[in-house]
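Subject: Structure for your review

Dear colleague,

Please find below the structure I am handing over to you. My notes on what was found in it follow directly after.

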Amino acid sequence: MPLRMTRSRWMWLSIVALAFVLRVVGIDVSSHHPDEGNIIKWVREMLTSGSLEPRKMSYGTLTLYLEAAFLWVAEAVRGLFGFHGPLVGRRGVTVARTVSLASSVATVALVPGLFRAAFGDRLSSSGSPAVLAAPLGALFLAVAFLSVQCAHYCTVDSLMALLTTATVLFALQTYRSMRARDAIVCGVCAGLAAGTKYTGALALAPLALGALLCPSRPLDTGEVASGPRGSIPGGTRVHALALAALGAVASVPAFLVAMPYAALQPGRLIEALRYEGHHYATGNTTQFAAGPNTFGWNLEFLYYTGLGPGLSLMALFGLAWVVARVVRPGPPGEGGPERRCRELLLITYPVVVMVFLARYVVRFDRNLLPVLPFAAVLAGVYAQATWEAVSRARRRWLVRVGQGAWVAAVALSVLYPLSRDIVFDWQILKPHTRRQLKQWIREQPEGTKVKKHGFRQQSLSWLQKHGYDYAVMSSHSWEPVAAQPERFSKLVKRYRELFATCKTVAVFRNPWFDSDFFAPHDLLNSATVNIYHGPTLMVLELPPKGGERAGARRDAGGHEAGKDRGESPPGAGSSGGGVHDRDERSGRE
């Protein structure tokens, strides 16, 4: 029987297609994420050696295995057409990124199912079918900037967001049907999520909470717990606890499939967990991406960058609307405990994630990616609820005015992140500032020594002692230092000395990334879009040892050469932020 393409299916396909286009453009650009170089190196080592043992266990290994499989298949297909040899460099990274691309698009496709698992086909028994909430939620996630950005990296975050979304979806479905198979699928997804990134295990929270709160009967039919075929026989609460236990047990073998060396080398796993816990608690390896009030920073980032102001406010109002429905008794016919249970489970996971992240000083924007699908659903719920409210106005002209205002508000809320997505895809296709710097270095006379930017800025005397002619400054460092001088007092003195003594001979910058268009400067470096894709790089000519100031040799880059003595770099006097440049040494962000 052919599948009938209804209007809702066409709408769903159109939104998924939009999500794909926004994420696939620029996927083949040269590597920008600091972790990509290490990840692709570990994947290549697996393919070369034939061993599944990971170099490091800081993250789960499921992403590495999938990327290795994608590369192996791609190389096999190329071999059929006479193109032999491994896919290395930019081509290899592009193939590996398809895992994140597919995961991100699939997460968008799951949003309507997540809505229906929590609310059914309408927000209230007396209301009309909720035809807007599900597609709008998918559209909101499709254009969410953080989701688009992370889909361009061959890292773990997009896959983990997909698996945690699926985990919560099947947790909701478990307590709708009370069937063992849904609990098993929920546990498998949670185990795979934890095997992708350890915090994926938090997605089991709704399943555990549901065992304590949800009534043990199918939420759709009202039948007794042991009624549906395939369910576990038993009493009411015992049945729910048995389903939760079954899901938890199913997560263990799934985790070991995703990360087999957790069982083969448990000592390495424990060591990795301790390292990550210390790293997040102290920010010892990411001093510019750590700070106080992580919870407030996360909310601010979601508002300005991750979702945008309109979608963030809609998600917040949607959360308040759901909480109000959970705490107040429902009117007759709206399901009572069943309704409150499934809506409470929907918001459990994002709340747990936000509270968990608030415990640590490290602030990474990518950690908020699993929250976005739920924020998109809540924004869609609020949009549906407000549409129904304005449509019930007694006067016809009020209905028209209200619906017009609603359309304008939703359109602006979508256009704001969509404009950033388009500019982002456009700008990453342009030459990176690091590539421009490398070209400038190649044009210098033979024997010229250039000190590229590292994580720790060396002093002028150290640079002169080691015979460097030029030093490269990156806004990754000087902007957060300028924003927090009391915290980085030693670095402040070094930068002041360098900028006051040396002459700027070349500046490489992207005006879109070296601005507040994507993220306000007070959110950097933890807001990584400027860090990864547009660090402003300044080349300073060092004076000879014992001299006061060097004269400009030449500006082969042709960018703002010959600045006056003591002029501050771009952003040095701004309110913070930074840009990340890893020209000299590698390391994890």
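A residue is called exposed when its relative accessible area is over 50%, and buried when that area is under 20%. The model is a predicted one.

Surface patch. By this cut-off Leu80 is exposed, because its relative accessible area is 72%. Leu80 belongs to helix H3, which covers residues 62–80. Together with Trp72, Val73, Val77, Phe81 and Phe83, Leu80 makes a nonpolar surface patch of about 730 Å².

Cysteines. A disulfide is a covalent bond between the sulfur atoms of two cysteines. Cys189 counts as buried, because its relative accessibility is 11%. Cys502 likewise counts as buried, with a relative accessibility of 2%.

Sheet. Strands of a sheet pair through backbone hydrogen bonds, either parallel or antiparallel. Here, 4 strands form an open sheet with mixed pairing, in the order S1-S2-S4-S3. S3 runs antiparallel to strand S4 (residues 537–541), and 5 bridges join the two. Within this pairing, Ala506 stands opposite Val539 of S4.

With kind regards

Terms used: Residues numbered from 1 in each chain as written. Predicted model: local features only at pLDDT ≥ 70, side-chain atom pairs only at ≥ 80, totals over all residues. Heavy atoms only, no water. Patch = residues over 30% accessible without salt bridge, like charges linked within 9 Å, V, L, I, M, F, W, Y side chains within 5 Å. Areas by Shrake-Rupley, 256 points an atom, 1.4 Å probe, with all protein chains shown as cover. Salt bridge = Lys/Arg side-chain N within 4 Å of Asp/Glu carboxyl O. Buried < 20%, exposed > 50% of the residue type's maximum accessible area, 1.4 Å probe, protein only. Pairing = 2+ DSSP bridges.
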